[in-house]
Amino acid sequence: MRLDTKAMRYLTAEDWKTLTAVETGSRNHEVVPTPLIGQISGLRGGVHKSISALAKVGLIARLKNAKYDGYRLTYGGLDYLALNTYRKRKDVYSVGNQIGVGKESDIFVVADEKGVQCVLKIHRLGRISFRTVKANRDYLRNRSSGSWMYMSRLAALKEFTFMTALKENGFPVPEPLAQSRHTIVMSLIDAFPMRQISSVPDPASLYSELISMILRLAQYGLIHGDFNEFNILVKEEPKKEIVYGKETEDLTLIPILIDFPQMVSVDHANAEYYFDRDVNCIKRFFERRFHFTSDAKGPHFSDARKLIGKDGVPRLDVSVEASGFSKKMAKELEAYMKEVGVDGDGDPNASRGDEDSGEEDEDESEEGEEGEDVEEEETAAVSNGADDVGAKSESGVN
Ligand code: ADP
Ligand code: MG
């Protein structure tokens with residue numbers, strides 16, 4: 001889905017108040033009634049002008065259920081609210097190219113006021129998932145917390161919390177910089193995913209580094225759960241060495257781990273399954289791509305279990321709960337991901353199909369979600385189509 005920031009600079013203070021009011025109202029209402037938007041925004045009857053301005057650029061969409069007319073926030077509306085928060089906090093000044101399209105996320109290069117480039121990851125759970133959910137309607141029925149908005153927020157919160165804990169404990173991950181709603185901002189890693197690397201000078205050492213990382217995660221109580229060639233960025237750093245009195249320059253490959261919404265604790269009921277899958281992903285990739293097979297069997301989960309808490313290291317699976325990502329949240333997100341078959345990005349054949357019909361996906365998702373007759377009246381596009389995310393130009397957020 002596109003991120004069209006063009007309309008941002010034309011929004012008035014009243015428009016922002018109105019957009020925020022729709023967001024607040026949607027905590028309790030699938031369809032936020034117009035009078036409630038007027039009330040929350042403090043604009044009362046004067047809210048209509050802003051409502052139509054927001055609907056026109058697709059930040060809110062008009063809906064009708066059995067009892068009343070109202071509005072809901074679109075993905076575009078939620079994107080704008082997050083960007084506005086970053087703008088106010090001076091985390092993000094401009095939005096640049098889209099560099100990644102995951103199954104469940106969009107990745108953009110953004111810059112702060114000083115021009116420092118970072119990465120904005122927008123979680124979009126529900127984009128493809130709700131199609132699958134169609135067959136699973138019961139799960140979402142009567143569950144407002146099962147909405148795309150809530151789940152995408154949970155995924156972002158989880159990712160930010162885990163990235164922070166990992167970074168603090170010296171793991172090679174991007175630096176988490178900011179979080180708002182369904183999005184996070186992190187440092188830009190100047191590297192390619194391992195998937196795009198055709199050969200390496202010394203596969204054995206990269207392999208052992210990756211296996212060590214899996215084991216070190218376990219030592220801290222964690223399993224990545226999606227440890228594959230898409231989620232490992234390989235950085236090349238020059239390494240100066242003195243060999244026989246001569247200075248030589250070699251390249252060191254440094255793997256950086258990304259993508260954390262599916263991480264699990266080593267105490268998870270299926271921990272062994274996830275652990276083995278992570279290890280086998282790396283084994284399989286090294287065999288196929290680099291024709292490298294390790295002589296050593298394993299490591300097995302039983303080996304990893306022995307390392308938990310070794311050398312007095314903290315259990316990050318426990319500490320993340322204290323820092324805001326509760327067990328209940330973890331359960332909700334996991335149940336949802338399982339239900340809709342979100343299982344990382346390891347399957348390159350998995351369909352995305354959102355490029356031309358992002359808003360349609362959303363419509364499917366919302367329709368009938370709360371078991372009432374919800375009918376979309378207006379389907380305002382999030383983007384007017386004139387803006388090319390692939391374009392080099394940067395558009396100001398403000
Ligand atoms: P998803 O959950 O959709 O798989 P990821 O977090 O794995 O999202 O990101 C998708 C892609 O975006 C990655 O494979 C990588 O190419 C790119 N990417 C993500 N984060 C960064 C970053 N911090 N620096 C550079 N590239 C990144
Ligand atoms: Mg990924």
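This note goes through a predicted model of a protein chain, point by point.

1. Overall make-up. The chain contains 13 helices and 15 strands. It has 398 residues, and 53% of them count as buried. Among contacts with a separation of 6 or more, 72% join residues 24 or more positions apart.

2. The largest nonpolar core. This core has 59 residues, and those that touch the most other members are Leu 166, Met 194, Leu 210, Phe 227, Ile 282 and Phe 286. Helix H7 supplies the largest share of the core, with 9 residues. Both domain 1 (6-188 + 349-389) and domain 2 (192-257 + 267-307) contribute at least three residues each.

3. Leu 166 and the second core. Which residues does Leu 166 touch, not counting those up to four places away in sequence? They are Phe 171, Val 173, Leu 217, Leu 222, Phe 260, Met 263 and Leu 316. A second core of 37 residues is separate, and Val 32, Leu 54, Phe 108 and Met 149 are included in it.

4. Ser 152. This residue lies in helix H7, which covers residues 148-168. Is Ser 152 buried or exposed? Ser 152 counts as buried because its relative accessibility is 0%, and buried means under 20%. Apart from neighbours within four places in sequence, Ser 152 contacts Tyr 75, His 123, Arg 124, Leu 125 and His 182.

5. Helix H8. Residues 203-219 form H8, a helix of 17 residues. From first C-alpha to last it reaches 24 Å, close to the 24 Å expected at 1.5 Å a residue. Its buried residues are Pro 203, Leu 206, Tyr 207, Leu 210, Ile 211, Met 213, Ile 214, Leu 217, Ala 218 and Gln 219. What do the buried residues of H8 pack against? The partners are H7, strands S10 (222-223), S11 (232-243) and S12 (246-257), and helices H9 (271-290) and H10 (301-307). Just after H8 comes Gly 221, with a positive phi of about 90°.

6. The open sheet. Three strands make up an open sheet in the order S9-S11-S12, with antiparallel pairing. Strand S9 (192-193) and S12 are the edge strands, each pairing on one side only. H8 packs on this sheet and touches S11 and S12, and its direction makes about 40° with that of S12.

7. The S11-S12 pair. Strands S11 and S12 pair in the antiparallel sense over 12 bridges.

8. Helix H9. This helix has 20 residues and spans 28 Å from first C-alpha to last, close to the 28 Å expected at 1.5 Å a residue. Just after H9, His 291 has a positive phi of about 50°.

Key. Residues are numbered from 1 along each chain as its sequence is written. Chains are lettered from A and ligands numbered from 1 in the order in which they are written. This is a predicted model: local features need pLDDT of at least 70, side-chain atom pairs count only at pLDDT 80 or more; totals for chains, interfaces and linings use all residues. Side-chain values use heavy atoms; hydrogens and water are left out. Helices (H or I, at least four residues) and strands (E, at least two) are DSSP runs, numbered from the N terminus. Buried means under 20% relative accessible area, exposed over 50%, partly exposed in between (1.4 Å probe, protein chains only). Contact means heavy atoms within 4.5 Å. The expected span of a helix is 1.5 Å times one less than its number of residues. A nonpolar core is a set of buried Ala, Val, Leu, Ile, Met, Phe, Trp, Tyr and Cys residues joined through side-chain atoms within 4.5 Å. Domain bounds come from an automatic or database domain assignment. Two strands pair if DSSP finds at least two bridges between them. Axes are lines fitted to C-alpha atoms, for helices over the stretch in contact, and angles run from 0 to 180 degrees between N-to-C directions.
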